Protein chains: 2
Amino acid sequence: MNYEIVIVGHGRYPDGVLSALQLLIGTTEGIKAFNLDEQTTHEKFEKQLTELLSEHERVLVFADMTGGAPHQIVSRLVLEGNQPHQYVISSAPLNLMLDLYAKSLTGFEDDTIEGELQHTLTLSKQLIEILPDRMNTNSATAPVPDMTHQDEGDGI
Amino acid sequence: MNYEIVIVGHGRYPDGVLSALQLLIGTTEGIKAFNLDEQTTHEKFEKQLTELLSEHERVLVFADMTGGAPHQIVSRLVLEGNQPHQYVISSAPLNLMLDLYAKSLTGFEDDTIEGELQHTLTLSKQLIEILPDRMNTNSATAPVPDMTHQDEGDGI
């Protein structure tokens, strides 16, 4: 993989995502989780991210919640750094993180990654569903298979 | 709260969500997390959910990933049970779960909850963003404040 994958969030949410990815894909190699929890000051959290962003030219950060402190801190650092290959995706559902992490394992191309991020984001939004579908949801139009293919092999 | 809130997912993802909610709202009272992890068979997982759904008439379940095993199992149980006040939302980002949990603390009305779920789901999709916004994202049109107000008080 050529892009470092990073998950930032409140409490142990990032660790929870790692745990799910480990179960679904069998590895979390190349992903780092930064929990902003009771043991972590904002200063320490920012220092960790600053180091990571300075050490890696290509980074894809997932932030648990748009507008939350982890998202605000990492967005400011990425904007200040102004590196052309560092991205932040916020409020991502698990399936989006799963899909992009799986793709990252074989590597992204610099000139197509932005299109891939947008495409996955669009699919991901369509996957958010409410059941039962007596409610007027988007379930009839959501293209499911591409986002969940990692899940088919072992029945997990 | 009148609706039981339940989070189901792979690995310790549900525990991670609980940890974030604890930090953001200060409580996880009335929420249960069911981790489908290495220590939990599908049978045990299904039994736990069957019990819960039979004990509570009003339930709102968040499943980590549309099409994943936790989502499939709980959706089947809810459809078979055919209770009018049991819902499953899948592939939800954290901000959606945060918002609906916060609302559940003061209680939902049976005749308006479906509209509230749909409304929150629509807002939640608009919050999924990619930075930097040199990419053609939806960041210019996303209504942010309502979904993140819990986050303002203490800077978390």
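Student: In which helix of chain A do A:Arg76 and A:Glu80 both lie?

Tutor: This is a predicted model. The side chains of A:Arg76 and A:Glu80 meet in a salt bridge, at 3.9 Å from N to O. A salt bridge needs that nitrogen and oxygen within 4 Å. The two residues are four apart, about one turn of the helix, and both lie in helix 3 of chain A.

Student: How many salt bridges are there between chain A and chain B?

Tutor: Over all chains, the structure holds 16 salt bridges. The pair A:Arg76 and A:Glu80 makes a salt bridge inside chain A. Between chain A and chain B, the count is zero.

Student: What is the area buried between chain A and chain B?

Tutor: The contact takes 56 residues from chain A and 55 residues from chain B. Carbon and sulfur atoms give 62% of the buried area. That area is about 4800 Å².

Student: Which three residues supply more of the area that chain A buries against chain B than any other three?

Tutor: Together they supply 14% of the area that chain A buries against chain B. By class, the side of chain A that touches chain B has 28 nonpolar, 19 polar and nine charged residues. The three asked for are A:Met65, A:Ile128 and A:Leu131.

Student: Which helix of chain A gives the most to the side that touches chain B?

Tutor: Several elements of chain A each supply at least two residues to that side, among them helix 3 (69-81), helix 4 (94-104) and helix 5 (113-127). The most, seven residues, comes from helix 1.

Student: What is the bridge partner of A:Ser90 in strand 5 of chain B?

Tutor: Strand 4 of chain A and strand 5 of chain B, residues 129-131, run antiparallel. Three bridges join them. The partner of A:Ser90 is B:Glu129.

Student: What kind of axis relates the two copies?

Tutor: A rotation of 180 degrees superposes chain A on chain B, with an RMSD of 0.0 Å. The shift along the axis is 0.0 Å. The same surface serves both copies, with 98% of the contact residues of chain A recurring in chain B. The copies are therefore related as by a two-fold rotation axis.

Terms used. Residues are numbered from 1 along each chain as its sequence is written. Chains are lettered from A and ligands numbered from 1 in the order in which they are written. This is a predicted model: local features need pLDDT of at least 70, side-chain atom pairs count only at pLDDT 80 or more; totals for chains, interfaces and linings use all residues. Side-chain values use heavy atoms; hydrogens and water are left out. Contact means heavy atoms within 4.5 Å. Buried area is the accessible area (1.4 Å probe) that two parts lose on being put together, summed over both. Ala, Val, Leu, Ile, Met, Phe, Trp, Tyr, Cys and Pro count as nonpolar, Asp, Glu, Lys and Arg as charged, and the others, Gly among them, as polar. Two strands pair if DSSP finds at least two bridges between them. Copies are superposed by least squares on the C-alpha atoms of residues with pLDDT of at least 70 in both.
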